[in-house]
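Subject: Structure handover

Hello,

Here is the structure for you to look over. My notes follow below it.

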There are 2 protein chains.
Amino acid sequence: MLNPADESLGAKLPEGVLRPVSPAYLEEPRGRYLGHAGLVAAPRNTAEVAAVVRACAEARVAIVPRGGGTGLVSGQVMSGGPAPLILSLERMTALRGLWPEENVLLAEAGMSLQAVRDAAEGAGRLFPLSLASQGTAAIGGCLATNAGGVTALRYGTARALCLGIEAVLPDGSIIHDLKRLRKDNTGYDIRDLLIGSEGTLGIITAASLKLVVPSPNIGIAMLQVPGPEAALTLLSLAEGRMAGGVTAFELIGGQGLAFLAELLPEIRQPLPGAEWSVLIEVGLPEGLAPEAALEGLLIEAMERGLVTDGVIAQSGAQAAGFWHLREHIPEANRRVGAVASHDISLPLSEIAGFIRDAGAALAGEGVRINCFGHLGDGNLHYNLFPAPGRMREEYDDRRKALSELVHAMVVERGGSFSAEHGVGRVKVGELARWGDPARLTVMRAIKATLDPLGIMNPGAVLSAAD
Amino acid sequence: MLNPADESLGAKLPEGVLRPVSPAYLEEPRGRYLGHAGLVAAPRNTAEVAAVVRACAEARVAIVPRGGGTGLVSGQVMSGGPAPLILSLERMTALRGLWPEENVLLAEAGMSLQAVRDAAEGAGRLFPLSLASQGTAAIGGCLATNAGGVTALRYGTARALCLGIEAVLPDGSIIHDLKRLRKDNTGYDIRDLLIGSEGTLGIITAASLKLVVPSPNIGIAMLQVPGPEAALTLLSLAEGRMAGGVTAFELIGGQGLAFLAELLPEIRQPLPGAEWSVLIEVGLPEGLAPEAALEGLLIEAMERGLVTDGVIAQSGAQAAGFWHLREHIPEANRRVGAVASHDISLPLSEIAGFIRDAGAALAGEGVRINCFGHLGDGNLHYNLFPAPGRMREEYDDRRKALSELVHAMVVERGGSFSAEHGVGRVKVGELARWGDPARLTVMRAIKATLDPLGIMNPGAVLSAAD
C-alpha cells in the first residue's frame, strides 16, 4: 500500500470531492485510537464514489470508508501503515424514495439512522432499528457493521431490515441491487455478504429498507427479577402471552442502577436497589390495552416466582422515563470509566451460568461488574470498572488479560466475543484465534478475490497480512 | 468433469455409503426433467460427507446434493454431461439438540421439514417455515434453496430462521458454525452465502434453527376484495391493527376457485365465485379473542370499501377448511396441467398494475390465468393454463415465449423471476440475462474461488461454462 502522495492522487479525483483532513475524521467515540489520513474525500453520488475507488485502486492507496463514525471497534480509524484516503459518505444523505404502502424506504448511505426513522415516521411508518447513537450513526455504517440495538429481539439486526443495496466494489464497479422485494431467490446472497463486512469488501452507497406499521398499543414495564435465569423464563412467558409482541427485553444489573444513583441522581428509579431488573416493551394489537396485558403477565409471573416487584408505566411520560433510565446506563458507565467493555452474546440457556462463573472468576480482580443489555438476544454488555477509589489507569497492564478471561469463558459456552459491535480493528486477534478455521479460510479467500489489491479498509476484520 | 468410473471412485468412498441408482434419485416433482447419475452416496454423518466430497474432488466427479427432492427448478437433477454422483442426505436425519428455553433446535440436513416442525411442537414451540411439500422436503434443501412458503410475511424465509450451519465445502473441509446466537457479528456472513446457493458452493449438513413460542390465539378469515389493490390496502390496515400479528395473507384469484369447483368439488368454498379473495391468518396475544379482532378489521375494511364480503372461522375445523382450500389450489392446477408456471415477486405497489397489464398482454394468447400466492410478500404464482377444451401440448412451441413475456414484465417493474423456488437449472438463462452484471461477476468469482474444480452441482444457478 502506498501513501496517497496527495497532490497526484488528489488531482485524479472528481472535482470538489476533497475535504480538509480535520481531526473529526480521525477519531472514534471511546477516544482510545487515533487514525491518520492522507486525504479525505466526500463524494456526492455513487458515480463519484466509484471514481474515487478506481483512482485509489490505480494508485494503490488504502480506503477507509466512514459513515457517522460511531463504531466502537475502530473499523473507521486506521493508525498504522501508509496513510489511507478516508471516504466519507457525509454528502450522500438523500432520501431516494419512500413507499409507505410497501413499507419500503430507499436511503443513501450517509443518511443518519435518526433521519431514516424520522422519514418513516412522517409517513406513518416505523424503521425499527434503534441505537443510542442514532442521531449520528449513518445507515450505511449501520449496515456495514450489521448494527443491533434494542429492538433486534422483535425486528432483527440491520441485516434483517435491509431488502437491497447499491454498493461500490474494490475495483470501482457498482452493484445495483436496490430491490424492494421480500422474496428474491436469484443467486448468491451478495447483499448479506457486504452487510457486516465492515467496509472491507466494498462500500454500501444506498439501501432499500424494510419499514413496519407501528403497533397501535405500546406498553412498558420495569420488573424486578430474582436473577438472570428467572428473567429468561419470564421472557418465554411474555413471548407466549404477547404472541411475539415483545419489542424489547433489557436486563439491568444492580451495579448499573448504583452508578446512575451516584452520577445521575436526577434520573428517577422505579425499582431502586434492585439487584436484577428487566425493562420490557410490548407492541400490541388494537383492542388490547397494554397496561392490562402487562398486568396479566405480572400476575402470572409473580405467582410463578419470576418477578418480585414491578411497575407498569401508566403514561407516555412514565414510559419515556423508563427508557431514559435504560439509555443513560452507558452514559453513567462513561463517567465512571470502564477498565474493559465486552459486547458478548451467549446461548440463552448459558447466560445465568456465565454470569455466575464469570463473577466468581473475577471476584479477586478488584473490579466492579456492570452487566446489562439485550437479554432477549442473549446479548450482554459485560463491562468491568475500577473498585471504588481506584483509577482505571491502575488496570492498564491487566486490561488485556481480563478481556481474554471474559472472552474465553464466553467462547467456551458457545458464545460470541462480538455480538453487535463487529470486529473492526480491535478484535481482529480474537477472530483469528476463536473463529472457525474453515470459515476463516473462506473469508480470506473471498477478501482476496474481491479485493486483490487489499485497498478496502485494510486491517479491519482480517489482519492486513492475512 | 469425468464420469464416476464407478468401480474406482466407489472403492474410495467410506464403506457402506453407496446406494443403488434408482429412478427416485433422478426425478423432480413436475416430471419435466430426468437426471442421470453414476453413483448415489448416502453418508451417515458429516465426516462421511466430507470424505465423499474429497474423493469426488480427487476424481473430478460432479456432485449433485439431494435432500427431499421437492425442488421445482431442477437443482436436484442434472441431465447433460458426464454422470454425477448424487449425494443424498437421507440418512442424516438426527435431531441433534433442542433447547425450548432458547427457542433453538439443531437438525441434521436430511430431517424433513415436517419432522422439524413436529419436534418443535413436541416441546411446545413452533418452527414457522411451512410449505406444501413439508412432509418430504428436507431442512437442508429448504436452506440450500432459501425456501419461502406461507408464513414468510411474519417470520421470513428459511434464511431468517437459521442461526447457524455446519457445511462441507467443495474441498472437503468442514465449516463448524452451529451457533445458537441471535447476534454474532464476527466477520463475513458465510452462513447466508451458503443458504440459497442451491448446493453450488457446498453442502449444508446441519443447522441450528430459530423456534418461536406459538401464539395463544389464532384467527383466520376469508375475505372477498374488489381487487389486488384493495387487498394490499387491507394488508396495511391489518398489519397496523394486529401489531404485526398477521401470519399469512394469501391472495386467491377467481380462476383458482373455478378450478377447485370443477376438479375438487368436495372442497367447501366459503366465498364461491369471488373474483378476488384473501385468506388472512393472525396470531394474537392472550386476552384478545381472534374472532373479535378479525371482526373489528372486517367492519373497518368494509366501511372503507376494501372488503365486500367475508367469513371469519368460528372453529378450528372451519379454520382448517380454509387452509385446506388454499393448499389444494396447486393440486387443482396440477390436474388441469399448466402451460407455464411463474414464481414471481414484485414491489407491493406494482402488483395491481402488473396483474392488469400482464392480463391485457396475454388476452390474445388463448390461456387462462390462475394468479394466487403470498401477497404479503409480493410473491405471486402466476400460472397459465390452456383455454377450455385445449391441451397443454398445443402450447409447447409458445411456452418459452409466454414465460419470457411474463418475466420481462416482472423485471421491468423491479420484480424477480424467482421469488422463492430458486434458480436451479431451469432459470440459469433468466439470471444471466436479468441479473445485475456486477453482482453476477461477484457470484462467478466466489464460485471459482470456493469451487475451482467446478464439482459442486455444476450447471445450477450459474451455467457450468461461466
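Chain B superposes on chain A by a rotation of 180 degrees, with 0.0 Å of shift along the axis and an RMSD of 0.0 Å. The two copies are thus related as by a two-fold rotation axis. Keep in mind that this is a predicted model.

Now the interface. 87 residues of chain B are in contact with 87 residues of chain A. Of the interface residues of chain B, 100% are also interface residues in chain A, so the copies meet through the same surface.

The area buried between the chains is about 6,600 Å². Carbon and sulfur atoms give 58% of that area. On the chain B side, B:Lys183, B:Asn185 and B:Tyr188 lose the most area to chain A. Together they make up 16% of what that side buries.

In a salt bridge, the side chains of B:Lys183 and A:Glu420 meet at 2.9 Å, N to O. Several elements of chain B each supply at least two residues of the side that touches chain A, including strand E12 (276–284), H7 and helix H15 (437–450). H15(B) gives the largest share, 9 residues.

A closer look at helix H7 (residues 228–242) of chain B. At 1.5 Å a residue, its 15 residues should span 21 Å; the end C-alpha atoms are 20 Å apart, which agrees. In H7(B), 13 of the 15 residues are buried, so this helix is largely enclosed by the rest of the structure. B:Ala243 follows H7(B) and has a positive phi, near 55 degrees.

Best wishes

Note on methods. Residues numbered from 1 in each chain as written. Chains lettered and ligands numbered in written order. Predicted model: local features only at pLDDT ≥ 70, side-chain atom pairs only at ≥ 80, totals over all residues. Heavy atoms only, no water. Least-squares fit on C-alpha atoms with pLDDT ≥ 70 in both. Contact = heavy atoms within 4.5 Å. Helix = DSSP H or I, 4+ residues; strand = E, 2+ residues; numbered from the N terminus. Expected span 1.5 Å × (residues − 1). Buried < 20%, exposed > 50% of the residue type's maximum accessible area, 1.4 Å probe, protein only. Buried area = accessible area lost by both parts, 1.4 Å probe. Salt bridge = Lys/Arg side-chain N within 4 Å of Asp/Glu carboxyl O.
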